Amino acid sequence: MSKPKHPRMLAETEAQAITRNIRVSPRKLNLVAGLIRNKPASQAVATLTFSKRRIAQEVKKTLESAIANAENNHQLDVDQLVVKTAEVGKSIVMRRFHARGRGRSARVEKFFSHLKIVVAERAPQPEAASPEQKAA
């Protein structure tokens, strides 16, 4: 006898990718994650490709993994994918010390983060009539 199958936490039109223990503080990572929230997947990849922030390449890898999961594991249409959520969480904190004057020390904290990106397939939008067609 085995355990019952774990129920899927996402909808059928969603896929996710998670990266753990990224060596950047959650505040800095959340700035980059905010750039791609609620954007089409192709536009989000382009935004991250040309971002000047160091961590943007790591976020791009995670996003591309979520897109690949959607395509290969869940048979979703890549052209219809939208970044539904980009969640940032705290991870471990490495504590080091910095020598100060008169024999004292100061604590240096090096923060790590988790990143979870969920992409969802949006329904194809019906083409709205252009203003020229309405006038005719």
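Guide: The chain exposes about 9,800 Å², of which carbon and sulfur atoms supply 51%, with accessible areas taken from the Shrake-Rupley method with a 1.4 Å probe and, for residues, only the protein chains shown counting as cover. This is a predicted model, in which local features need pLDDT of at least 70 and side-chain atom pairs count only at pLDDT 80 or more, while totals for chains, interfaces and linings use all residues. Residues are numbered from 1 along each chain as its sequence is written, and side-chain values use heavy atoms, with hydrogens and water left out.

Of the 136 residues of the chain, 30% count as buried, a term that stands for under 20% relative accessible area, with exposed being over 50% and partly exposed in between (1.4 Å probe, protein chains only). The chain has four helices and three strands, which are DSSP runs numbered from the N terminus (helices H or I, at least four residues; strands E, at least two). Along the sequence they follow the pattern β-α-α-α-β-β-α. The radius of gyration of the chain is 21 Å, well over the 14 Å that the globule rule gives for 136 residues, so the chain is more spread out than a compact globule; this radius is taken over C-alpha atoms, and the rule is 2.2 Å times the number of residues to the power 0.38.

Leaving aside neighbours within four places in sequence, leucine 63 is in contact with Ala41, Ala44, Val45, Leu48, Val83, Ile117 and Val119, where contact means heavy atoms within 4.5 Å.

A further buried position is serine 51, with a relative accessible area of 19%, in the loop between α2 and α3. Leaving aside its neighbours within four places in sequence, serine 51 is in contact with Leu35 and Ala56. By contrast, arginine 102, in the loop between β2 and β3, counts as exposed at 77% relative accessibility.
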